[in-house]
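The following exercises concern the structure displayed below.

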Amino acid sequence: MKFQLKYSRFGERSILIEWPSKIDESILSDIINYKQYLQNKLVKLKVEIVSTYNSILVSYNFTIENINDKISDLKEAYLQIDTSKQRSSTLWEIPVCYHDEFGIDLENLSSAKSLSKSEIIYLHSQQIYTVYFVGFLPGFLYLGGLDKSLHINRKSTPHLNIKKGAVGIGGNQTGIYPQNSPGGWHIIGQSPIDFFDPKSDCICFAKAGDKIRFKAISKFEYLRISEEVKQGIFKLKSSSYD
Amino acid sequence: MIKVLKAGISSSIQDLGRTSFREFGVPVAGSMDLYSSKLANALLGNADSDAVLEMALIGTKLQFLVPTQIAITGANMSPTLNGQAIANNQLYAIESEDILTFSASKNGLHTYLAVKGGFNTDVLLGSRSYYSGITPQSVIKNGDVLKIYTFSTEGNFEKQYSKLKPFNFSSEVLNVFLGPEFSLLSTQQKDQLFNSSFKVSNLYNRMAYQLLPQIENDLPSILTGPVLPGTVQLTPSGGLIVLMRDCQTTGGYPRVLQLSESSINLLAQKKENDTVVFNFID
């Protein structure tokens, strides 16, 4: 499916390409195809491409002199994309310990949503989430697919120091903090794995279009996996997902 | 090697930043005033991409453990070498044990110290730029020992020809492009942006500068989208935030303006209470 896209200059060196402003799997799929096509086509130009829910930002490493020429090139490229190609993605199983010690806001969430803690954990971990993009912090995954009954406004007073690996809910989103950070999300659990490792070849295992499922683990398993992660021997479970 | 006797307020190693990892949420980072850091390198005949020491507001006191050459650019922090005043935008020979001291910045905010061949701290994701969560430290600390490339002091010692002139950052004019959400602004808001002046608030750092006064606003947040250093965001409460080198890669506030590359460098030399105005370019 082809969309009506909006192309505009974004500063001296970038062009912003926008899809309709919504969170939608068919838009994501179109964005990924376009992004991959551009990355292959423009690889020699040292162009940097960032995508979000409904946009692609193409940044050149020079000042764009003739913006209309560049936009025509991009429009032309969009028409060349083969949309019939089936993309396969990876489903990652993310271990999460929802123990009270980590899920510091579970109690509040439970009373605010009139759900028991185990219902919250069930609703959160039975869903398959889609990775829309990585942003905010290095390795922070923007996930779509949170069950409606878990939607809740961000906290009015943010936590000053959320621990790396904390799993939270804010608005209609859920996510994992890849590093210690202040934040306004309700914290429901803790994952022992690294979402970002600047020293690894694969700095962030997940990418736009991948799927995520959370697996509830005990505190014992949490400690075991933490140790394996520390020693560099933990292997994340994944499978292909069509 | 250089020993840090006093670390200053916010000093860090910076280069041109990380440009190929934004899709993983990695900020660009790099020198706040890229013009001045490039000038410092150019004076020494270094490459643009060589790492420099960036200092903000109050500078460092350093002891050199090896001979080298240095150049200082950007804000004037009244540098002294072994107690003798030295000048910005000049080349100086350094002997082992020499002490280089910077004070508070008199004009501007960021000062750059380049050494011959550049700083040789660890490269992570293609850059030496300090950034919390990527490099082990986000600022340098008292007692740190910073590695630098060493070179033979015999032979040539002359100021390299540089096409770059020292940066005059007295201008208040920030040249801007219109941002993706500019068209959503009311006529009154557009008028306020272009026909009034703003002051840098006390909230400014490598991540963002908040400007004052706020402007009236009822625009809601947007679906999270890409942002860049130099993006001017308008918060729901009417605050204007100019994103700088350490900014996040995506954001949810309307992006109303986008600074030109040279205006990002200019803003990086402004501090609390300094005045800026926006000038539309196309």
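Two strands pair if DSSP finds at least two bridges between them. Helices (H or I, at least four residues) and strands (E, at least two) are DSSP runs, numbered from the N terminus. The model is predicted: local features need pLDDT of at least 70 and side-chain atom pairs count only at pLDDT 80 or more, while totals for chains, interfaces and linings use all residues. Residues are numbered from 1 along each chain as its sequence is written, and chains are lettered from A and ligands numbered from 1 in the order in which they are written.

**Exercise 1.** Determine which strands of chain B pair with β4(B).

Step 1. Strand β1 (residues 2–6) of chain B pairs with β4(B) in the antiparallel sense, over 4 bridges. Within this pair, K3(B) stands opposite Q63(B).

Step 2. Strand β9 (residues 99–101) of chain B is joined to β4(B) by 3 bridges, and the two run antiparallel. Here Q63(B) stands opposite I99(B).

Step 3. The faces of β4(B) (residues 61–64) may then be examined: L62(B) and F64(B) form the covered face, K61(B) and Q63(B) the uncovered one.

**Exercise 2.** Describe the open sheet of chain B and the helix that lies across its strands.

Step 1. The sheet has 5 strands in the order β2-β3-β10-β5-β8, with antiparallel pairing. Its edge strands are β2 (12–14) and β8 (91–94) of chain B, each of which pairs on one side only.

Step 2. Neighbouring strands are turned by 30° against each other on average, direction ignored. For such values, axes are lines fitted to C-alpha atoms, for helices over the stretch in contact, and angles run from 0 to 180 degrees between N-to-C directions.

Step 3. Helix α1 (residues 34–44) of chain B lies across β2, β3, β5, β8 and β10 of chain B, running at about 150° to β5(B).

**Exercise 3.** Describe how α1(A) and α2(A) pack.

Step 1. Two packed helices are described by the angle between their axes and the distance between the axes. For α1(A) and α2(A) (residues 67–80), the angle is about 115° and the axes are 10 Å apart.

Step 2. The residues that make the contact (C-beta atoms, placed from the backbone, within 7 Å) are Y34(A), Y37(A), L38(A) and K41(A) of α1(A), together with A77(A), Y78(A) and Q80(A) of α2(A).

Step 3. By class, these residues divide into 5 nonpolar, 1 polar and 1 charged. Ala, Val, Leu, Ile, Met, Phe, Trp, Tyr, Cys and Pro count as nonpolar, Asp, Glu, Lys and Arg as charged, and the others, Gly among them, as polar.

**Exercise 4.** Is H186(A) buried or exposed?

Step 1. A residue is buried if 20 or more other C-beta atoms lie within 10 Å of its own, exposed if 12 or fewer, and partly exposed in between, with C-beta atoms placed from the backbone.

Step 2. H186(A) counts as buried because it has 25 C-beta neighbours inside 10 Å.

Step 3. H186(A) is found in strand β12 (residues 186–190) of chain A. Leaving aside neighbours within four places in sequence, its contacts include D105(A), I152(A) and G168(A).

**Exercise 5.** How many residues does each chain bring to the contact between chain A and chain B?

Step 1. Chain B contributes 26 residues and chain A contributes 29 residues.

Step 2. The side of chain B that touches chain A has 11 nonpolar, 12 polar and 3 charged residues.

Definitions and conventions: Contact = placed C-beta atoms within 7 Å.
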